[in-house]
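User: Could you walk me through this model before I set anything up? I'd like the overall picture, then the details.

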Amino acid sequence: MIKYILKRLMYILLALFVIVTVTFFLMRLAPGSPFASERNFPPQIEEKLNETYGLNNPWYIQYKDYLIDTATFNFGESMKYKARSTNDMISESFPVSLTLGIEAMLLAIGFGILIGVVSALYHNKFPDYLATSFAVLFISVPSFILAGLMQYFLAYKLDWFPISGWKGFSYSILPALAIALTHMGFIAKLTRSSMLEQNNSDYVKMARAKGIGKWTIVFRHTLRNALLPVVTYLGPLTAAVVTGSFIVEQIFAIPGLGKHFVQSITNRDYTVIMGTTVFYSIILLFAVLIVDILYSVIDPRIKLKGAKK
């Protein structure tokens, strides 16, 4: 296990190097500058700002400085917000995005597995048709559409939840649901198909022949094996929850990291764009590593080092 983790950490460092390099050159190749929108700036002041942030240096000098800063997790000062560093913006806003993301993942995984299990147990019956219909509906409708609909009907019309803001737990329910529903549908479909496959296996038929109850078979036998496709989906789920929260945070006026990321692209704030991109990349790469390790926990037959010939 330790050897496998060390090997994967080397791959993560290589992937981060590629991400940092691609992000840097894409930012530099894009037309314009962070100060292009400041129409009142005299050319002398803009030139001074470019010199202060090193934008006048040759590209290889900028690239070297950026690699060193990234290696030390120093993402630099924001080019648009005075006296604010990218590190401070991440430390202030990421806990909000993390709270929203964890809540959305718990909703998606918990209710998705439950809906999938119920659908498989009542295969080709009304609960199965109902659960499948809702799963397909959730998958088909984008999260920002769901966010707008819930904001209008549940918050504005019925006044059950706050419309926007971040002042307590009640403010997180609607945005978490908006992010979770689409992934809930995917997990429900994965769990249903996997459960149906397990229900036709020999060991389940033997358990039924012994007179073991339906739900006992689910929790003691079939569910653990049926969770492997769900665990596979945790990596893409983490990426989708992180990136899907960008627009949802904007809709609900949540002061998360997604808000700064969207605004930094609009403002062409190089340091914030590259800093948040690297930060999100680290999270997603480690999420994939954790998912691979979970395989061996759920199914000990899976060998992390690979099967020998």
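**Overall surface and fold**

Analyst: The protein chain has an accessible surface of about 17,400 Å², and 67% of that belongs to carbon and sulfur atoms; such areas come from the Shrake-Rupley method with a 1.4 Å probe, and for residues only the protein chains shown count as cover. This is a predicted model, in which local features need pLDDT of at least 70 and side-chain atom pairs count only at pLDDT 80 or more, while totals for chains, interfaces and linings use all residues. Residues are numbered from 1 along each chain as its sequence is written, and side-chain values use heavy atoms, with hydrogens and water left out.

User: How many helices and strands are there in the protein chain?

Analyst: There are 12 helices and zero strands, where helices (H or I, at least four residues) and strands (E, at least two) are DSSP runs numbered from the N terminus.

User: And what percentage of the residues count as buried?

Analyst: Of the 309 residues in the protein chain, 42% count as buried, meaning under 20% relative accessible area, with exposed being over 50% and partly exposed in between (1.4 Å probe, protein chains only). Among contacts with a separation of 6 or more, 75% are between residues 24 or more positions apart, a contact being heavy atoms within 4.5 Å.

User: Which residues form the nonpolar patch on the surface?

Analyst: The patch is formed by Phe144, Ile145, Leu149, Tyr152, Phe153, Tyr156, Ile163 and Ile247, which together have about 780 Å² of accessible area. Patches are made of residues with over 30% relative accessible area and no salt bridge, with like charges joined within 9 Å and nonpolar side chains (Val, Leu, Ile, Met, Phe, Trp, Tyr) within 5 Å; a salt bridge is a side-chain nitrogen of Lys or Arg within 4 Å of a carboxyl oxygen of Asp or Glu. Helix H6 (residues 143-157) gives the most to this patch, with six residues.

User: Where is Ile247, then?

Analyst: Ile247 is in helix H10 (residues 228-251), and because its relative accessibility is 44%, it counts as partly exposed.

User: Back to H6: is Gln151 buried or exposed?

Analyst: Gln151, which is in helix H6, is buried, with a relative accessible area of 15%. Leaving aside residues up to four places away in sequence, Gln151 touches Tyr156, Ile163, Ser164, Ile251 and Phe252.

User: Switching topic, how many aromatic pairs does the structure hold?

Analyst: It holds nine, where rings of Phe, Tyr and Trp (its six-membered ring) pair if their centres lie within 6.5 Å, and planes under 30 degrees apart count as stacked, over 60 as edge-to-face and the rest as tilted. One of them is the stacked pair of Phe24 and Tyr66, at 5.9 Å centre to centre with 20° between the planes. Phe24 lies in helix H1 (residues 2-29) and Tyr66 in helix H3 (residues 59-71), so this pair ties together parts that are 42 residues apart in sequence. Both Phe24 and Tyr66 are buried.

User: What about Phe25 and Tyr63?

Analyst: Their ring centres are 5.4 Å apart and their planes are at 40°, so that pair is tilted. It links distant parts of the chain, Phe25 being in helix H1 and Tyr63 in helix H3, 38 residues apart. Phe25 counts as partly exposed at 28% relative accessibility, whereas Tyr63 is buried at 14%. Phe24, Phe25, Tyr63 and Tyr66 form one aromatic cluster.
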